[in-house]
Amino acid sequence: MQSNINNNAYDNKAIPLKGVVSKFFLHLHPAKINVQALKYNRTFGLGGIAALLIIILVITGMILRFVYVPSIKGAYDSIVNYQNDVWFGHFVRNIHYWSGMLLVVVMFMHILRVFYSNSIYFERRKNWWYGLVIFMLVVSANFTGYLLPWDSLSYWAVTIIANVFKSIPFCGNWLSGILLGADQVDETTLMRFYHFHIGLIPVILFIVLIIHFWLVRKAKGVTVANSSLVKMVSVNPNLVYKEIVVSLLVLIVLFLLSLFFNAPLNEKSNPLVSPQSVKAPWYFIGFQELLLHVSPIVGIVVIPLIICLFLFGVPLLVKDDINVGVWFNSVNGKRLTVLSVIFSVILTFVIVLLQSYNIINQWFLIGIYTIVVILWFFYSVLYLKAGRVELYIVTFTILVATYITLIIIGLMLRGEGMSFILKQHIG
Amino acid sequence: MDEIRIKKINRRKFIKRLIVIILSFEVFYLLLATLSIRRKKVKQLILFEAGDISNFENGQVYLFSSSHFFLYRFNDGGFLAMLNKCTHLGCVISYSEKNKRFDCPCHASSFDINGDVLSSPATRALDILPIVIDRGKIYVDVDNPIHRDSFDISQLKYA
């Protein structure tokens with residue numbers, strides 16, 4: 001591709017950006033970037049989209065703050081009134097909701113992108129860690145916002161998560177006390193979540209985001225597939241133009257979503273009755289599904305700890321044997337990724353199905369899963385010629401694909417009372 | 001000369017870092033301490049009056065939803081008060097008269113009429129509440145649930 005680049009193609013006139021805000025925006029970028037970084041499938045613009053969504057969330061959130069009443073008596077009604085009485089009230093809440101949801105998806109994809117394009121090593125290691133922290137903050141912001149409408153689903157979802165915390169050994173009760181401020185979800189909890197949601201988390205997020213952006217600049221921008229090719233072009237208009245187009249596209253998608261799909265609002269919460277099949281927010285449904293199969297200590301402490309250790313530790317494991325910026329490290333890595341996805345989806349489905357018939361208990365399940373995964377590692381090394389870096393990619397793929405499969409099972413294959421739908425059909 | 005200067009800088013660095021660390025601990029502690037504040041509960045025994053013994057038929061389950069418990073009168077006349085919260089993750093369970101069992105809507109745990117686990121993910125029988133019977137009336141201590149692993153005949157309370 002690089003050889004037949006028309007040299008004049010990137011010599012367009014700069015978009016005349018005047019004014020302080022535009023100049024500030026330009027200063028977030030370097031003056032020149034590598035022409036390879038311009039290709040859309042290098043980054044898919046995911047980081048930028050996430051940043052845009054955060055800005056939209058801040059703006060709509062500030063509007064919503066003026067109407068929202070953070071108390072058990074007022075919360076639900078204030079939202080209903082705002083939706084019914086104010087022109088575009090429903091629309092503002094929808095935009096806030098959908099931006100929050102999209103943000104989790106986009107950031108998740110951003111994580112996939114930087115991992116699979118080998119962009120988390122060496123000088124980008126620190127930024128990978130900050131990025132993971134940002135992801136955790138965004139998920140916490142999303143989760144604390146989930147309770148605020150005070151409808152039945154949010155109330156029970158938070159009750160469940162708080163009880164999940166309680167099952168952590170030694171400090172579980174203390175932790176859930178910190179989170180809830182009481183023995184069960186009540187006024188104190190709502191107040192607490194409100195302040196986490198609008199105060200503490202956004203402030204920390206803002207600080208970490210600034211560091212995140214600065215570290216991107218410090219690492220001299222995004223990784224490129226072939227670092228020996230250094231053809232630099234000016235950011236304005238080449239990148240700026242694309243960023244504007246992507247931003248407009250995101251806005252269009254967001255507006256369409258908000259026009260046609262309302263943010264859910266069930267009946268007001270009633271602490272006396274749990275509704276049929278309480279489901280956690282979708283990004284936690286994988287964990288909820290996991291908790292159907294393993295004991296809470298394993299599901300909420302051991303497995304997340306292993307995942308975190310792997311994610312935070314993986315940039316420390318590599319030395320020079322890595323192709324920074326190359327998708328999946330090699331052609332073989334790509335093949336291994338695809339095969340690992342198929343492998344983990346099938347494995348997860350089979351194990352969930354086995355357990356829904358009560359054929360195996362949880363220790364048996366964990367044992368089988370571990371053994372099969374280890375066998376897969378051996379198979380990858382011996383027959384699929386996986387190197388060290390490819391093995392990290394395989395591990396990451398298994399973790400991600402398993403979690404997504406659990407989400408899909410939890411979302412689509414759990415019917416009334418959380419029974420397994422396939423089981424009802426098969427009999 | 002150079003060495004001395006480096007050492008000096010190191011000491012200064014050390015003190016700077018120490019101050020930052022101490023301040024971080026202080027802020028962190030303040031945050032946690034603030035979040036750990038609970039409303040003080042007045043420790044006194046408040047008993048819930050469930051009603052006259054004669055109101056309850058043998059072999060029946062009665063729900064007291066606002067006080068969060070089921071009262072089950074055994075066929076031999078003994079009483080058992082069980083918290084209506086699933087021992088898995090705290091959802092409110094419901095009683096099915098047809099199947100004579102308690103079901104949890106959240107993760108499909110179920111318990112038999114004595115509160116024993118019929119199907120996982122719950123691993124422990126339903127918590128019970130102490131019962132006091134005085135002058136033909138039943139009082140239930142709703143604030144002090146007792147954990148138990150499984151049902152035992154000694155948990156019943158007789159008039």
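Mentor: Start with S96(B), which faces R101(B) across the pairing, in β6(B). The model is predicted, so to speak, by rule: local features need pLDDT of at least 70, side-chain atom pairs need pLDDT 80 or more, and totals for chains, interfaces and linings use all residues. Residues count from 1 along each chain as written, chains are lettered from A and ligands numbered from 1 in written order, and side-chain values use heavy atoms, without hydrogens or water.

Now the two strands themselves. β5(B) and β6(B), residues 101–103, pair antiparallel over three bridges. Two strands count as paired if DSSP finds at least two bridges between them. Strands here are DSSP runs of E with at least two residues, while helices are runs of H or I with at least four, and both are numbered from the N terminus. What holds such strands together? Strands of a sheet pair through backbone hydrogen bonds, either parallel or antiparallel.

Step back to the whole sheet. Four strands of chain B form an open sheet in the order β5-β6-β7-β8, with antiparallel pairing. Its edges are β5 (94–96) and β8 (117–119) of chain B, and each pairs on one side only. From one strand to the next, the twist averages 35°. Such angles lie between N-to-C directions and run from 0 to 180 degrees; the axes are lines fitted to C-alpha atoms, for helices over the stretch in contact.

Chain B has another open sheet to set beside it. Three strands stand in the order β1-β11-β10, again with antiparallel pairing. β1(B) joins β11(B), residues 137–140, through four bridges in the antiparallel sense. E49(B) stands opposite Y139(B) in β11(B).

Next comes a hairpin. β2(B), residues 60–64, and β3(B), residues 69–73, pair antiparallel over five bridges. V61(B) sits opposite Y72(B) in β3(B). Four residues lie between β2(B) and β3(B) in this hairpin, and H68(B) in the turn has a positive phi of about 60°.

W150(A) is not a glycine, yet its phi is positive, about 55°. W150(A) lies in the loop between α6 (125–147) and α7 (152–166) of chain A. A cis peptide bond links N236(A) to P237(A), with omega about 15°. P237(A) belongs to helix α10 of chain A, residues 235–260.

Now cross from one chain to the other. The contact takes 23 residues from chain B and 31 from chain A. Contact means heavy atoms within 4.5 Å. Together the chains bury about 2,100 Å², 57% of it on carbon and sulfur atoms. Buried area is the accessible area (1.4 Å probe) that two parts lose on being put together, summed over both. On the chain B side, L35(B), R38(B) and L89(B) lose the most area to chain A, together 28% of what that side buries.

Finish with helix packing in chain A. Helix α12(A), residues 296–317, and helix α15(A), residues 388–412, have axes that come within 11 Å and cross at roughly 160°. That makes α12(A) roughly antiparallel to α15(A). The cut-offs are these: under 35 degrees is roughly parallel, over 145 roughly antiparallel, 65 to 115 roughly perpendicular, and the rest oblique. The crossing of α12(A) and α15(A) is left-handed. Left-handed means that the near helix is turned anticlockwise from the far one by less than a right angle; clockwise is right-handed. Residues in this contact include F310(A) and L311(A) of α12(A), and Y392(A) and F396(A) of α15(A).

Compare the next neighbour. Helix α11(A), residues 282–293, packs on α12(A) at about 130°, with axes 7 Å apart. That makes α11(A) oblique to α12(A). The crossing of α11(A) and α12(A) is right-handed. F287(A), L290(A) and L291(A) of α11(A) meet P296(A), G299(A), I303(A) and P304(A) of α12(A).
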